[in-house]
Amino acid sequence: MDILDITRRLVGFDTINPPGNERDCARFVAGLLEESGLSVQTYEFDTARTSVVATLDGGDERPPLVLTGHLDVVPLGEADWSCDPFAAEIGDGRVYGRGTCDMKGAVGAMAVVARRMAGERRRRAPLRLVLTAGEEHGCLGAQHLAQQPNALGRGGALLVGEPTGNRACVAHKGILRVAVSASGVTAHASMPELGDNAIFKAAEAALALRSFEFGAAAHELLGRPTLNVGTIAGGLNINSVPDRATIGVDIRTIVDQDPDAVLADLGRHLGAAVSLRRLEAAPAVASDPSDPWIESVREIVADVRGVREPPRAAPYFTDAAYLKP
C-alpha cells in the first residue's frame, strides 16, 4: 500500500472527537506496522480510545527518531459537505475528507516511512511512531502515554505531523485553561432586589479580563501570551435570578511562564467576587533553531518549497507539550 491508499483507508474510519472511537483505526495502522516488522504496543485510556506506539530497532546506541500524529479528527461542522467526508474522494489532485490534512495524511506518511525503513538493512538510529487518540480534546492520549511506565522511553528528536503548509515550525505556545466562577443568591425575576445575580459578576469578570496584563516580555518566536474568554454559562431559567455563573478562559503561554504564577496574577486582578479553578495546563515548546538536526530538517523543507524561510512557531497547541518531557 502506498501513502494514498493508507491515507484513504485512515480517513474511512470515523474518529470524530467527541467521542473519538479510535480503536479500529489504531488497529488498522498497528497491523500495517506490525506486518512490516515493527514492535507494536497499543494503549487505551478509555473504552475504544486507543493509541499506538511502534518501534523499529536498529542503528547505534542513539535514542530513536520519534514521529508522532493523532488519529482523532474534529467534528464535521454545520455546513453541508459536497462529498462523503469519510470516502476520501480524489479530485483535482487532492483527497477530500475529514482528517485528510489534520492529520491522517501525515499519519499515512509516517506509516509509509516506517515500512520503507523496515526494509533497509542499515539504519543510523531506531525509529518510533507514537500515534495518539484524543488529541483534539486535551491531548488525552499523549497524557496517558506519558504516564505509562516504559511506554515511550527516550527520544533523540520529535517530529509532529500537524499541518504547517510544508514549513518547519520549532515552537508553539503552552496552554492554561481556567474556569472563573461567580456565586450569588437566587430569587424570582419579579423581585431581583432579593437576589444576588451571579451572571452580573461573571460578566464583570469577563470585561475585567480585557485589561489583564501578563507582564511578560515577548518571545522571539512565540510573541506575547494571549487570553480569550471562550464560554459563559449560568442560570436555570429566564425568570430567576441566577445563583451560579462560570466563564471559560483560554490562555496561551510562552516559554518560562509558570501557570501557577499566572493563575495567581489572574486571581488578584479579578478579586474576591469570583473563584478560579485550573482546568488544564501544559508548557510551551521551543527548540533551538540552530540545533544541527533541526537545521537538517529546515534544509529538506527548503528543498521541497524552493525557498529557505526563517524559523517560525505554530499558532496552535500539539501533543509535543506532553510527549517532549
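**Strands, surface and cavity**

Colleague: Let us begin with a residue pair. Which residue stands opposite Thr246 in β13?
Modeller: Ala233 is the residue opposite Thr246 in β13. Please keep in mind that this is a predicted model.

Colleague: How many bridges join β11 to β13, and how do the two run?
Modeller: Strand β11, residues 226–234, is joined to β13 by eight bridges, and the two run antiparallel.

Colleague: And what about β9 and β13?
Modeller: Strand β9 covers residues 174–183 and is joined to β13 by ten bridges, again in an antiparallel arrangement. In that pairing, Gly174 stands opposite Thr253 in β13.

Colleague: Is β13 mostly covered or mostly open?
Modeller: Strand β13, residues 244–253, is mostly covered. Of its ten residues, seven are buried, with buried taken as under 20% relative accessible area.

Colleague: Turning to the sheet with β8, what is the strand order there?
Modeller: The order is β15-β8-β16, an open sheet of three strands with mixed pairing. At its edges stand β15 (285–286) and β16 (312–314), each with a single partner strand, so one side of each has no neighbour in the sheet.

Colleague: How do β8 and β16 run, parallel or antiparallel?
Modeller: Strands β8 (residues 169–172) and β16 run parallel and are joined by three bridges. Within this pairing, Ala171 stands opposite Ala313 in β16.

Colleague: Remind me, through what do strands of a sheet pair?
Modeller: They pair through backbone hydrogen bonds, in either a parallel or an antiparallel manner.

Colleague: Now the surface. Which residues make the nonpolar patch?
Modeller: Ile3, Leu4 and Ile90 make a nonpolar surface patch of about 250 Å². Of these, Leu4 is found in helix α1, residues 3–11.

Colleague: Is Leu4 buried or partly exposed?
Modeller: Leu4 is partly exposed, since its relative accessible area is 36%.

Colleague: Last topic: how many cavities of 30 Å³ or more does a search of the whole structure find?
Modeller: The search finds one cavity of that size. The space in the largest cavity is about 110 Å³.

Colleague: What lines the largest cavity?
Modeller: Its lining includes Arg167, Ala168, Val307, Glu309, Pro310, Pro311 and Arg312. Arg298, Val301, Ala302 and Arg305 are also among the lining residues.

Colleague: Where does the largest share of that lining come from?
Modeller: Helix α7, residues 292–305, provides the largest share, with four residues.

Note on methods. Residues numbered from 1 in each chain as written. Predicted model: local features only at pLDDT ≥ 70, side-chain atom pairs only at ≥ 80, totals over all residues. Heavy atoms only, no water. Buried < 20%, exposed > 50% of the residue type's maximum accessible area, 1.4 Å probe, protein only. Pairing = 2+ DSSP bridges. Patch = residues over 30% accessible without salt bridge, like charges linked within 9 Å, V, L, I, M, F, W, Y side chains within 5 Å. Areas by Shrake-Rupley, 256 points an atom, 1.4 Å probe, with all protein chains shown as cover. Salt bridge = Lys/Arg side-chain N within 4 Å of Asp/Glu carboxyl O. 1 Å grid on protein atoms, 1.4 Å probe; cavity = no way out; pocket = protein on both sides within 12 Å on 5 of 7 lines; lining within 4 Å. Points joined across faces, edges and corners; volume = space filled by probe spheres on them.
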